[in-house]
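Please look over the sequence and the structure shown here before reading on.

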Amino acid sequence: MIKAMQAAQKAARKAIESTYTGVMTVSERQSVKDPNTHITSTKEVVVLENQPCKLSFETIAATVQTDTAAALSQGVKVFLSPDVSIKAGSKLTVTQNGVTTAYKSSGVPAVYPTHQEIMLELSNSYA
């Protein structure tokens with residue numbers, strides 16, 4: 001029974017990963033010491049490159065209705081391998097369908113045996 005479940009999860013993971021049409025670079029803000037001046041400053045450091053992924057977009061209706069229409073916003077989620085660790089607040093630069101956009105991860109990833117999902121926000125400092 002357990003082997004059958006593991007085989008099903010492996011097949012499901014392979015199917016999900018076959019839909020990854022994008023790649024991403026992940027950067028984190030880290031303290032870096034300059035070897036010449038010995039001054040420590042916070043810099044953006046790339047921690048992962050060319051990670052296969054898939055962006056998903058959804059329209060989210062706001063709960064408040066205005067006089068003319070309900071407010072709408074767009075939710076952005078990235079799907080990727082569950083084997084990758086991405087810290088909350090990291091910068092994710094995703095290229096999918098020929099478009100490159102910088103996002104920041106908005107929270108802790110939802111990790112499943114087949115994939116993980118991370119809600120994203122446009123990165124104001126890079127958008």
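Which residue in S5 does Leu 92 stand opposite? In this predicted model, the residue that stands opposite Leu 92 is Tyr 103 in S5.

**Strand pairing**

- Strand S4, which covers residues 91-96, runs antiparallel to strand S1, which covers residues 22-33, and six bridges join the two.
- S4 is also joined by six bridges to strand S5, residues 99-105, and this pair is again antiparallel.
- S4 and S5 form a hairpin with two residues between the strands, and in this hairpin Asn 97 takes a positive phi near 55 degrees.
- As a general point, the side chains of a regular strand alternate between the two faces of the sheet.

**The largest nonpolar core**

- The largest nonpolar core has 14 residues, and those that touch the most other members are Met 24, Val 78, Leu 80, Ile 86, Leu 92 and Leu 120.
- At least two residues of this core come from each of S1, strand S2 (40-65), strand S3 (70-80), S4 and S7, while the largest share, three residues, is supplied by S3.
- Val 78, when its neighbours within four places in sequence are left aside, is in contact with a set of residues that includes Met 24, Leu 92 and Leu 120, each of which is also listed with Val 78 among the core residues that touch the most other members.

**Ser 27, a residue in a strand**

- Ser 27 is found in strand S1, where it stands opposite Lys 91 in S4.
- Ser 27 counts as buried because its relative accessibility is 4%, and the cut-off for buried is under 20%.
- Beyond its neighbours within four places in sequence, Ser 27 is in contact with Ser 90 and Lys 91, and also with Glu 44, Val 45, Val 46 and Val 47.

**Tyr 112, a residue in a loop**

- Tyr 112 lies in the loop that runs between strand S6 (110-111) and strand S7 (116-122).
- Tyr 112 counts as partly exposed because its relative accessibility is 39%, a value that falls between the cut-offs of 20% and 50%.
- Leaving aside neighbours within four places in sequence, Tyr 112 is in contact with Pro 82 and Glu 117.
- Although Tyr 112 and Pro 82 are 30 residues apart in sequence, their C-alpha atoms are 6.6 Å apart in space.

Note on methods:
Residues are numbered from 1 along each chain as its sequence is written. This is a predicted model: local features need pLDDT of at least 70, side-chain atom pairs count only at pLDDT 80 or more; totals for chains, interfaces and linings use all residues. Side-chain values use heavy atoms; hydrogens and water are left out. Helices (H or I, at least four residues) and strands (E, at least two) are DSSP runs, numbered from the N terminus. Buried means under 20% relative accessible area, exposed over 50%, partly exposed in between (1.4 Å probe, protein chains only). Contact means heavy atoms within 4.5 Å. Two strands pair if DSSP finds at least two bridges between them. A nonpolar core is a set of buried Ala, Val, Leu, Ile, Met, Phe, Trp, Tyr and Cys residues joined through side-chain atoms within 4.5 Å.
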